[in-house]
Amino acid sequence: MTLRELYSLSKKMLSGASDSPGTEALLVLSAVTGLTKERILLSFEEQIEDEFSKRVLDLVQLRHDGFPLQYITKKCHFYGLELCIEQGVFIPRIETEVLVDLVLELIEREKLKTIVDIGTGSGAIAVAVALNSNCEVYATDINEKALLLAQKNAQRLGAKINFLKGAFLEPVRPFIDKIDLIVSNPPYVSTNATLSKDVLEEPLDALFAGEDGLDFYRQFFKEISLLENKHVVMEFSPEQRDWMEKLSFFGKVSFFHDQFGKIRFFHLKIK
Ligand SMILES: C[S@@+](CC[C@H](N)C(=O)[O-])C[C@H]1O[C@@H](n2cnc3c(N)ncnc32)[C@H](O)[C@@H]1O
């Protein structure tokens, strides 16, 4: 079989399962060969070994069956950065790039010096903020695999971040006074929500937070209620907006939309 034939077969297999079967087929081929997409196109007429085609077609079948492309290519893109990703770690979403913009604007406007990203996952938010500001950045997670991957991403991209393991604010409590801003894209999906097969391949404790999706928030705000004079910037699900109104109890709250026009973030300035 030539590379062209393998590409065509892969594209055909993905046509019912993906909006961009050609691109995804090329990305799988690129992940297996280690060649760039351009190099693959230039090598289209080359014969390839059966063992190699089998590896490609097995992965294409996996993708066809709903396994996330990012877990196959082991790469994802966030805020103009190429991050490593792997199964067992949440795949960063494009909406969260707006959260990074909000954080960077605040850092600049309020001259903030120290921030913590709670539930850092692959390190997406922490790395983007560290590379685009002069802040001292801390990042936490309960997931050991996520922390190791985040550390790898930070090192690869030259971002200086202090990683800590633990739940909610516990890892930063010993030095909470010096933290100016807390950012988080926490688990906020309702356990009653119907999610697509590929999303369900992601770690469930990164997604779900009880029946109304607010379990993380309930505990988090108990802990926040003890703090003074901090900025908190977080992501939530649009249908949780009314519940978030309660935040005004702690200080001044502003809401922000994502790039699709949905209300998705708040900034709270704790009094
Ligand atoms: C929705 S993912 C977000 C990951 C990353 N910040 C991003 O935007 O791509 C939520 C992350 O929070 C972590 N997490 C869940 N519960 C947590 C808790 N109680 N304390 C700290 N991290 C938690 C999960 O392991 C997961 O990595």
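# Walking through the sheet and its surroundings

Mentor: Start at strand β6, which is covered on both faces: Leu181 and Val183 on one side, Ile182 and Ser184 on the other, are all buried. Buried is a count: 20 or more other C-beta atoms within 10 Å of the residue's own; 12 or fewer is exposed, in between is partly exposed, and C-beta atoms are placed from the backbone. Strands here are DSSP runs of E, at least two residues, and helices are runs of H or I, at least four residues, numbered from the N terminus.

Trainee: Why do neighbours in a strand point to opposite sides?

Mentor: In a regular strand, side chains alternate between the two faces of the sheet.

Trainee: Before we go on, what kind of model is this, and how are residues numbered?

Mentor: It is a predicted model: local features need pLDDT of at least 70, side-chain atom pairs count only at pLDDT 80 or more, and totals for chains, interfaces and linings use all residues. Residues are numbered from 1 along each chain as its sequence is written.

Trainee: Back to β6. In which sense does β6 pair with β7?

Mentor: Parallel, over four bridges. Ser184 stands opposite Met234 in β7. Two strands pair if DSSP finds at least two bridges between them.

Trainee: And in which sense do β3 and β6 pair?

Mentor: Those two are also parallel, over four bridges. Ser184 in β6 is the bridge partner of Ile118.

Trainee: What is the strand order in the open sheet?

Mentor: β5-β4-β3-β6-β7-β9-β8, seven strands with mixed pairing. β5 (161–165) and β8 are the edges; each has a single partner strand, so one side of each is left without a neighbour in the sheet. The twist averages 20° from one strand to the next.

Trainee: Which strands does helix α6 touch?

Mentor: α6 (residues 96–110) packs on the sheet and touches β6 (181–184), β7 (231–235), β8 and β9. The direction of α6 makes about 170° with that of β7. Contact means C-beta atoms, placed from the backbone, within 7 Å. Axes are lines fitted to C-alpha atoms, for helices over the stretch in contact, and angles run from 0 to 180 degrees between N-to-C directions.

Trainee: Which strands does α7 lie across?

Mentor: β3 (114–118), β4, β5 and β6. α7 runs at about 175° to β4.

Trainee: Parallel or antiparallel for β8 and β9?

Mentor: Antiparallel: β8 (residues 251–257) and β9 (residues 263–270) pair over seven bridges. Gly251 stands opposite Ile270 in β9. The two strands form a hairpin with five residues between them, and Gly261 in the turn has a positive phi of about 80°.

Trainee: Which residues other than glycine have a positive phi?

Mentor: Lys74 is one of them, with phi near 60°. Lys74 lies in the loop between α5 (69–73) and β1 (75–78). Phe168, in the loop between β5 and β6, has a positive phi of about 50°. Most residues other than glycine have a negative phi.

Trainee: Is Phe168 buried, exposed or partly exposed, and why?

Mentor: Phe168 is partly exposed, because 19 other C-beta atoms lie within 10 Å. Lys74 is exposed, with 12.

Trainee: New topic. How many residues surround the ligand?

Mentor: There are 23, and the closest are Pro92, Gly119, Gly121, Asn185 and Ala206. A residue counts if its C-beta atom, placed from the backbone, lies within 6 Å of the molecule. α7 (124–131), β4 (136–141) and α9 (204–207) each give two or more residues to that shell.

Trainee: How does the shell divide by residue type?

Mentor: 13 nonpolar, eight polar and two charged. Nonpolar covers Ala, Val, Leu, Ile, Met, Phe, Trp, Tyr, Cys and Pro; charged is Asp, Glu, Lys and Arg; the others, Gly among them, are polar.

Trainee: Where does Gly123 lie, and what is Gly123 in contact with?

Mentor: Gly123 lies in the loop between β3 and α7. Leaving aside neighbours within four places in sequence, Gly123 is in contact with Ala139, Ala150, Asn153, Ala154 and Ile161. Gly123 is buried, with 32 other C-beta atoms within 10 Å.

Trainee: Last one. Which domains does the assignment give?

Mentor: Domain 1 (3–65) and domain 2 (91–270). Those bounds come from an automatic or database domain assignment. Their centres, taken over C-alpha atoms, are separated by 36 Å.

Conventions:
Two residues are in contact if their C-beta atoms, placed from the backbone, lie within 7 Å.
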